[in-house]
Amino acid sequence: MIAAQPAAASVFAVELLAELVRRGVRDVVVCPGSRSQALALAAAAAQEADALRLHVKLDERSAGFFALGVARETGMPAPVIVTSGTAVANLMPAVLEAHEGRAPMLLLTADRPEELRGIRSNQATHQAKLFGHAARWSVDVPAPEFAGGDLVRDGLRDPASLAARGLAAALGAFGGGPAGPVQLNLSFRDPLSGAAGFERMIAEGFAAAAAEAAEQGRAPSAPAMQPDAQPAPDDSYVHSGDSLAVVIAGAGAGSEAEEFARAAGLPLLAEVVSGARFGREAIAGYATLIDDPQIGGLAERAIVFGHPTLTRQIPRLLRRDDVDVIVVDPHHASGAEYVDPSRDARVVSAARVAPDHDPRALRRWLGAWVVADRALQRDRTTVHEPDLEAALAPGYKERNAYARSEVATMREPISREMLAESVWRGTWPHDRLVIAASRLVRVLDALAPARRVSVHANRGLAGIDGTVATALGIAVASQVAEDPARAAGTTRVLIGDLALLHDAGSLLLLEGERRPRLQLFVANDGGGTIFDGLEVAETADPDAFARVMRTPQRADIGALAAAYRWEYRRVETRSELERLLTEPVAGPMIIEVPLAD
C-alpha cells in the first residue's frame, strides 16, 4: 500500500519550526486549536526530537505573557502558536507590553485561506496585521500547497526564509530598531495536517536542526532585514569634567548604567526594576533626595538609561530648565520612541567616559548623595537588629526584657515594607525576582538597598495583566538553563491581591507541564489600595471611590490555590516570613500575606 502524501500544511509547519530551531529558538508555546494543528503537532514532534521545549497553555492571553517571560529571561522569542479568530485577539495585551518593553515576540497565528475570507466563515475575521504599529513586522502568508509533488516556495511561502526574516524582525533587525512582536499570519487549507510517510523525515529534520544549533551555541543567526543599510555614525555622549550630573536607570537599563556611573563617579539613581541597582554609587532613596534642594536641587545634568516609570520625581527632574538631559537609547535612530519628559533632550546611542576623566573630581558630589542615602536607609529599613548589649547583660531583668522584646519582634505583623524588603534580601543572584505593577513595586523602590538581584517586571505599559504567566515563563526558562548554578535558583514574585486575581487563569498548569520552583507572595490588603495615594482619594465620594477605584474583594486565596493544585501557605508574622524564605522550595507555591497596614 502506497503511503498518502503528507499534507502541505504539515510540511510547511515542520520546515518553519526546524529553521527557527536552527537559528537558536529553544522554546515554543502552543494553544489548542483546529486551524493551527499542523504547527502544534510539529512542535510536539520537535520536543520528541529534543529540539524544542514545548509549553502548552489553554488561554492565549496567558500564553502570550508566558512567552514574554521566556523572552525576558533568555533574550530569544518563544514562538506562540494559536488558532484563528478571538485566539489571536487575546494576544494583544502581551503584544503591547512586548512592544513598549522592547522584548522579542514571535506569533504564529493560523488563519483561513483566501477563499474562506470575506464570506462570514466560522472563526474568520480580519486578523492579519491585527496588531498594527505594535508589530515590528506583520505578514499575511498564503496557504502552502504542492506543485509537482514539491512544496511551492515562492515569495512568503518559503518556510525557511520566512522563519529567518520573522526571527530577525523580532530581535530588532529592522533598520536597527528595538526588539518586539512579529506576527506571521499563516493560512492553511484542508487537509489541515497529515504526516503519513513523513514521520521519519520529521524526526530526522528536527534532530539535525537541533544539532546544528548546538554547534553554533544556539546563537541567533537571523539575517538582517536591511542588509544594505549603512551603520549609523557614532553619536555617543562622552562624559568629562566636573558638572554635577546624575545617572538615571529605568527598566531595561541593565549593568551598562552601573558601569557608566562607576567610571564617571556619579550618583546612580537606579529603579529597583532597572537591573542596575548595585554598586557603591547606587542611591536607594533617590526619590526623596531629588526633592532636597541641597542635593537633588543642585543637579545640573541627567544621563538617562532605560525606561524610568516608578516615581514622579524623575520626570520632574528631567523637565527642569536648569538640568541638561542626555538620553541613551541605541535605537533612537530607527525612529523608536524614547524617554523625554522635557521634549528637549539630547538623544545618543551610547554613553562613555572620557579617558582622561578622573571620577575623584566629583567625590564630594557623590558623597553628599551617599551620606544622605545611608541616613534614609537607617530610618526606613525593616530589618531587625538584635540588641546584643541587652542580650549579654549580667542582670536577669535586662536579659528577660531582651527575651520578651525578641519574642514580640518575631510575632510582629507583616507590613508592606517588611514583606518587600524581606523578599528582596532573601533573593540571591541565582534566583529571579518578579515584581507586579502593584503598590509593592514603589514601596520596594523606596527602600531596597543596593544589591545585585535579577529582577523582571512588565514596565513597558506597567499593567497588572499577565504577571503570573510572565513569572512562570521566567521560572521555567531559568530553571532549565544549561548552567547548573543558574538553574538552581527559585523565582519569587511580589504581587498584590488584585494583580493575582486579574491573572488567576495563568495558575493552571496542564498535565505534562513543568512545575517550577516559584514562590508567589500575595500582599493581600483586600483591594486596590494603590489608588489611595492619588489626589482623587481626597476629592471623590468615599463610597463611589471604594466601589470603582479600590474595588474591595474577599476572594479565598487558599481555595484558589487548591483549585489549581498549588501549595498554599499563609504567613502573618515576621518569624513565619523569615522561616519561609529560608526553606527549600520544591514547586509552585502561593504565600498569602495579610498586611497589617
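**Strand order and helix packing in the predicted model**

Strand S18, helix H18 (residues 497-502) and strand S19 form a right-handed β-α-β unit, where right-handed denotes that, with the strands pointing away from the viewer, the path from the first strand over the helix to the second runs clockwise. Helices (H or I, at least four residues) and strands (E, at least two) are DSSP runs, numbered from the N terminus. The model is predicted, and local features therefore need pLDDT of at least 70 and side-chain atom pairs count only at pLDDT 80 or more, whereas totals for chains, interfaces and linings use all residues. Residues are numbered from 1 along each chain as its sequence is written, and side-chain values use heavy atoms, with hydrogens and water left out.

Strand S18 (residues 491-496) runs parallel to S19 and is joined to it by six bridges, with Thr491 standing opposite Leu518 of S19; two strands are taken to pair if DSSP finds at least two bridges between them. Strand S19 is also joined to strand S21 (residues 588-594), again in the parallel sense, by seven bridges, and in this pairing Val593 of S21 is the bridge partner of Ala523. Because seven of the seven residues of S19 (residues 518-524) are buried, this strand is largely enclosed by the rest of the structure, buried meaning under 20% relative accessible area with a 1.4 Å probe and protein chains only. In a regular strand the side chains alternate between the two faces of the sheet. Both faces of S19 are covered, with Leu518, Leu520, Val522 and Asn524 buried on one side and Gln519, Phe521 and Ala523 buried on the other.

A further group of five strands forms an open sheet with parallel pairing, in the order S11-S10-S12-S13-S14. Strands S11 (268-270) and S14 (346-348) stand at the edges, each with a single partner strand, so that one side of each is left without a neighbour in the sheet. Neighbouring strands of this sheet are turned by 20° against each other on average, direction ignored. Within the sheet, S10 (residues 245-249) and S12 (residues 301-305) pair in the parallel sense over five bridges, and Ile248 stands opposite Val304 in S12.

Helix H1 (residues 8-22) packs against helix H7 (residues 199-215) at an angle of about 20°, with the axes 8 Å apart, the axes being lines fitted to C-alpha atoms over the stretch in contact and the angles running from 0 to 180 degrees between N-to-C directions. That makes H1 roughly parallel to H7, a term that applies to angles under 35 degrees. In H1, Val14, Leu17, Ala18, Val21 and Arg22 meet Ile202, Phe206, Ala209, Ala210, Glu212 and Ala213 of H7, contact meaning heavy atoms within 4.5 Å.

Technical notes:
Buried < 20%, exposed > 50% of the residue type's maximum accessible area, 1.4 Å probe, protein only. Parallel < 35°, antiparallel > 145°, perpendicular 65-115°, else oblique.
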